[in-house]
Amino acid sequence: MSELIRVSYLGRNPKTATFKRKLNAIRDLLKKQDLTSYVHDDMVNSTASSTTLAGISGAGKSTATNIILNTYPRVIYHPEYHLLQVPWIKVDCPYDGSLSEFCESFFIALDRRLNTNYRQKYTSGKTSIGKMIADVADLCLIHAIGLLVVDEFQHMNLAKSGGEKKMINFLVTLVNVVEVSVVLIGTPKALKLFANEFRQARRASGSGSLVWDRLSFDESWDDFLDEIWDYQWLKSPIPRNEVITNKLYELSQGVPDILVKLFCIAQARAILMAEEPGEECLSSDLLDDIFEEQFSIVKPMLTALGSNDTNKIERCGDLIIPEIDSTLIIAFDHLKPKPLNRHKKVDMGEASQTSVANDARAALVSMGVADDIAEPLVRDAVEANPELQLIQIIQHATTALSGLSQKPKKSKEKEKAPLTCPENWSQLKSPDMRKLYADKTGAMYELLAEHSVIYPVETLLAG
């Protein structure tokens with residue numbers, strides 16, 4: 001990802017006259033809406049590249065990509081050029097979508113990032129696909145987009161898009177002409193539809209492709225289980241043993257998404273059904289019962305994965321379990337939220353500072369401050385003055401906390417959200433988070449940020 005972003009900017013230095021001439025030439029080309037005349041031109045001197053990330057659903061492709069992308073700034077303002085630079089942007093293909101719907105998703109993603117109104121500007125009225133494609137490319141130039149990540153590419157309906165060639169020309173134009181690096185993420189079944197021609201395009205596969213497979217039953221599986229095993233929220237947690245390790249792999253076939261959801265739902269069932277603390281634990285029989293009840297829709301696909309038969313795997317298609325997320329929400333709606341007994345240690349480098357910081361954090365938690373709030377308050381105080389004593393750190397933290405709480409109280413209490421079946425969530429009124437979840441087309445985080453329902457952590461960390 002780092003390389004793809006950086007190489008796309010090598011030929012786009014706004015200080016050079018060459019770049020300005022090239023920018024004008026490209027914009028003239030885009031106005032003609034003819035993507036085929038320039039797409040395979042040998043004279044093109046683009047530094048941008050592209051790659052594909054293919055793998056079964058639930059393997060962690062999108063999660064890992066999001067974590068990596070979020071290490072880079074979302075927007076950079078350059079006052080000397082009056083430029084809002086967008087280093088990267090990620091677009092999820094609409095389900096069963098056409099190329100025009102993909103372009104609209106791009107406008108929506110850019111509007112959320114920049115608080116603009118491109119969607120209404122470029123999609124109102126009768127707009128041709130060629131015009132929308134040219135507008136997408138033009139916005140990539142205007143905002144100096146370095147990397148375009150197209151996720152869930154298997155949703156792209158190539159027939160609705162006008163065939164493979166139009167989609168290929170669009171993507172290769174971004175790489176060769178506009179000099180925007182492109183990453184395609186999807187299942188192997190979708191990507192292989194046009195892989196041969198896409199790879200023939202100049203620089204279209206400059207960074208190669210990566211196949212993201214499920215976890216193998218080896219030390220990598222043990223490492224992954226070790227990471228999630230600390231998240232047992234049960235009164236009688238069990239140590240990981242060989243029987244449970246083998247059972248989890250047998251049921252999930254090494255697909256991380258299925259493993260995590262099976263792990264969570266099994267705990268919810270154990271908490272709800274246990275009559276005494278000793279019964280609140282995981283077991284092989286409980287995992288079997290949960291799998292048969294909640295994962296029956298993917299059982300044939302997982303069986304195909306276990307057989308390692310390529311033909312059976314291709315016939316199964318994608319691993320999609322749409323009802324599992326709502327099952328998790330419904331299951332945990334019945335549970336009363338309880339703080340975790342284990343708290344993450346505050347590491348300040350020096351042993352003495354670390355000890356005092358952890359004592360201060362424990363004191364704040366005992367006073368009723370949530371641990372995820374107490375930890376940054378303590379860290380901020382110690383980093384500001386490493387010589388502070390325990391009582392001074394607590395005073396600094398409580399002062400900062402009281403400053404945040406000075407907000408006018410609402411005169412009317414919020415009404416309790418009505419119980420609604422998951423299939424009717426889209427009919428609820430905004431800003432009910434269930435409606436937001438049901439109507440989302442892109443990343444849930446950006447949708448929550450757009451509706452101002454995410455707590456402004458920046459003000460808290462500012463102290």
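Colleague: In which sense do β1 and strand β6 pair, and over how many bridges?

Modeller: This is a predicted model, in which local features need pLDDT of at least 70, side-chain atom pairs count only at pLDDT 80 or more, and totals for chains, interfaces and linings use all residues. Residues are numbered from 1 along each chain as its sequence is written, and side-chain values use heavy atoms, without hydrogens and water. Strands (E, at least two residues) and helices (H or I, at least four) are DSSP runs numbered from the N terminus, and two strands pair if DSSP finds at least two bridges between them. For β1 (residues 50–55) and β6 (residues 181–186), the sense is parallel, over five bridges.

Colleague: Which residue of β6 stands opposite Thr51?

Modeller: Thr51 points from β1 the other way from Ser50, Thr52 and Ala54, and is buried (under 20% relative accessible area; exposed is over 50%, partly exposed in between; 1.4 Å probe, protein chains only). Its opposite residue in β6 is Val183.

Colleague: How many aromatic pairs does the count give?

Modeller: Rings of Phe, Tyr and Trp (its six-membered ring) pair if their centres lie within 6.5 Å; planes under 30 degrees apart count as stacked, over 60 as edge-to-face and the rest as tilted. By this rule the count is seven.

Colleague: Which parts does the pair of Phe217 and Tyr249 tie together?

Modeller: This pair is tilted, with 4.8 Å centre to centre and 45° between the planes. Phe217 is partly exposed at 46% relative accessibility, whereas Tyr249 is buried at 13%. The pair ties together parts 32 residues apart in sequence, because they are the loop between β7 (209–212) and α10 (219–229) and helix α11 (residues 242–252).
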